[in-house]
Protein chains: 2
Amino acid sequence: MAQVSFIAIDWGTSSFRLWALAADGSVVAATDGPFGMSRLKRGDFGNVLEENLAKLNIDPNVPVIICGMAGAKQGWCEAPYLQVPTRLDAMGMQAVKVQGIDRDIHILPGAKQILPANVMRGEETQIAGFLHHCPDFEGTVCLPGTHSKWVRVSDKSIQDFETCMTGEQFAFFSQQSVLSHSMLVDGWCDESFDRAILSATTEPHTVPCKLFAIRAEMLIGEQSSAKARSRLSGLLIGQELVATKPYWRANEVVLIGATPLCKLYIQALEILGVKAKALDSTTMTLLGLCAAHKFHNGVGISNHA
Amino acid sequence: MAQVSFIAIDWGTSSFRLWALAADGSVVAATDGPFGMSRLKRGDFGNVLEENLAKLNIDPNVPVIICGMAGAKQGWCEAPYLQVPTRLDAMGMQAVKVQGIDRDIHILPGAKQILPANVMRGEETQIAGFLHHCPDFEGTVCLPGTHSKWVRVSDKSIQDFETCMTGEQFAFFSQQSVLSHSMLVDGWCDESFDRAILSATTEPHTVPCKLFAIRAEMLIGEQSSAKARSRLSGLLIGQELVATKPYWRANEVVLIGATPLCKLYIQALEILGVKAKALDSTTMTLLGLCAAHKFHNGVGISNHA
């Protein structure tokens, strides 16, 4: 086993992902679990971390860099937001050291926007990773998910961003609302998704009524679960695309997210005549954590020189 | 106690409301409970009914008329939908008799629309009650709630209708979503509601992004639960009003629903320059059930004459 140089952690609302990395950033070992912020009290974070480090036999002198909700006010140790517009290459310098613990642990800040009010925690690290990979990128980065982010990137900085609760709404409508009775069986229908994207983007004001129609069509006629689910997804993603049009209309779009979800967004954007490419979110998170760790350490060394 | 002539029941998805009525329609006794369709198997309905009738000492020969989800496919006994456009004054004639039971029990049909697909169960009875009260009404009836209905009424008939899941969405966003953390305390702010109505109706495409901003504003600045809740309500009702504009733009609007909710819709419509008046939904349900019972009985008598 290569020597572990540092630990990178993505500590979100619902999940915990840890990588043990060699000095060159290659992954030596990894672990994860459902130990997200929402299930922990402040005093639990340190124990959860040490238990997971013990599983991988990590020495007490190996430093840790963390991004995500662990840095929220209700998390482990608040890492105040960077205010946009903000460069990301110096993000490691703003990392907050967790006090009262022997191990060297730093938590990265999130980003906030004052007007219109907006926040992110975790996505800024993925964007930092992407900018490490493509330092001269000028355009829009979209991170689809529970709370989809649309981020204008220019001059190595986040300029501004928007958030749509599309993933959280899809989960509610498909699993809990009255529409859930119409999508009990698995399946997917590209044609229904495409048609819903078109209908939501050409007649966006009709979406609130078209949601209930998904249920009604099954009650008075024939509609498969696959068609119902795809239509719901298309209506909600279509609504998001209308709301975020200034972000994708004239810019190059890069998607960072889970592969199946990115594929849907690429399909939707193609209907609107926009070409987008997708990058894997885990890779970008790791790149961002590595870059922050190195920067942070570099600054640390020069400070003590 | 006046003599009970018949029993009227509104049997919905989550609730059961029963009235014992004199021949002139006045309420002699009443009871209710959480015995909605969603908690019952088909075989349970008869027992729940007889238990509640026994509580009020109702004779076995007293007939029962029911509206609502008890008539759904997954309910007690399917009462097929009337297809719009449909008159409502003869609705009692389409009531379905529950078989295999000694007592005379009839369930009223719902209404369906083929294109765009839509259904209602229970609201048609309130509209029938309203038309009994105002037989010459021409205009729009709005029934705000879990699934708000907008119904064009003309020539004593439902012409067409729309449904928005506004109430169900409000419950999700305010009690379960990430926004719920921003409205933990009770309270209301009219000014925030009014501003959200204005913003949702003048810039409807921005609503998906403005929802998350409710949370972000609390994280980066100051916002009370009262303001957050009122803003959420205004954004969702505003979105509904944009979706249903053809229904309120040029028509007289009558609201039938719970008083506090009707007040919000009147306030929202006033901002858009539309005057509306509100009627109590329980009164309309009772009027509709009474009218259907009388019509049904009248027809019954003439059939046997």
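User: At what angle do the axes of helix α6 (residues 225–243) of chain A and helix α8 (residues 259–271) of chain A cross?
Analyst: Helices (H or I, at least four residues) and strands (E, at least two) are DSSP runs, numbered from the N terminus. Axes are lines fitted to C-alpha atoms, for helices over the stretch in contact, and angles run from 0 to 180 degrees between N-to-C directions. The axes of α6(A) and α8(A) come within 11 Å, and their crossing angle is roughly 65°.

User: What pLDDT must be reached before side-chain atom pairs count in this model?
Analyst: Residues are numbered from 1 along each chain as its sequence is written, while chains are lettered from A and ligands numbered from 1 in the order in which they are written. The model is predicted, side-chain values use heavy atoms with hydrogens and water left out, totals for chains, interfaces and linings use all residues, local features need pLDDT of at least 70, and side-chain atom pairs count only at pLDDT 80 or more.

User: Which word describes the orientation of α6(A) to α8(A), given a crossing of roughly 65°?
Analyst: Angles under 35 degrees count as roughly parallel, over 145 as roughly antiparallel, 65 to 115 as roughly perpendicular and the rest as oblique. The crossing of roughly 65° therefore makes α6(A), in relation to α8(A), roughly perpendicular.

User: Which residues of α8(A) make the contact with α6(A)?
Analyst: Contact means heavy atoms within 4.5 Å. From α6(A), the contact draws on A:S233, A:I237, A:E240 and A:L241; from α8(A), on A:L264, A:Y265, A:A268 and A:L269.

User: How many residues of the contact of α6(A) with α8(A) are nonpolar?
Analyst: Ala, Val, Leu, Ile, Met, Phe, Trp, Tyr, Cys and Pro count as nonpolar, Asp, Glu, Lys and Arg as charged, and the others, Gly among them, as polar. In the contact of α6(A) with α8(A), 1 residue is polar and 1 is charged, and the number of nonpolar residues is 6.

User: In chain B, is the crossing of α4(B) and α8(B) left-handed or right-handed?
Analyst: Helix α4 (residues 190–202) of chain B packs against helix α8 (residues 259–271) of chain B at an angle of about 50°, with the axes 10 Å apart. The two helices are therefore oblique to each other. A crossing is left-handed if the near helix is turned anticlockwise from the far one by less than a right angle, and right-handed if clockwise. The crossing of α4(B) and α8(B) is right-handed.

User: How many residues of the contact of α4(B) with α8(B) are charged?
Analyst: The contact consists of B:D190, B:F193, B:D194, B:I197 and B:L198 from α4(B), together with B:L264, B:Q267, B:A268 and B:I271 from α8(B). Of these residues, 6 are nonpolar and 1 is polar, and the number of charged ones is 2.

User: What is the angle between the ring planes of A:F172 and B:F172?
Analyst: Rings of Phe, Tyr and Trp (its six-membered ring) pair if their centres lie within 6.5 Å; planes under 30 degrees apart count as stacked, over 60 as edge-to-face and the rest as tilted. A search of the whole structure finds 17 aromatic pairs over all chains. The pair of A:F172 and B:F172 is stacked, with centres 4.2 Å apart and an angle between the planes of 10°.

User: Is A:F172 buried or exposed?
Analyst: The pair crosses between chains, from A:F172 in helix α3 (residues 166–175) of chain A to B:F172 in helix α3 (residues 166–175) of chain B. Buried means under 20% relative accessible area, exposed over 50%, partly exposed in between (1.4 Å probe, protein chains only). B:F172 has a relative accessible area of 4% and is buried. A:F172, at 4% relative accessibility, is likewise counted as buried.

User: How far apart are the ring centres of B:F172 and B:F173?
Analyst: The planes of B:F172 and B:F173 stand at 55°, so this pair is tilted, and the distance between the ring centres is 5.0 Å.

User: Where is A:N57 found?
Analyst: Phi of A:N57 is near 55°, a positive value in a residue other than glycine. A:N57 is exposed, with a relative accessible area of 67%. Its place is the loop between α1 (44–55) and β4 (64–68) of chain A.
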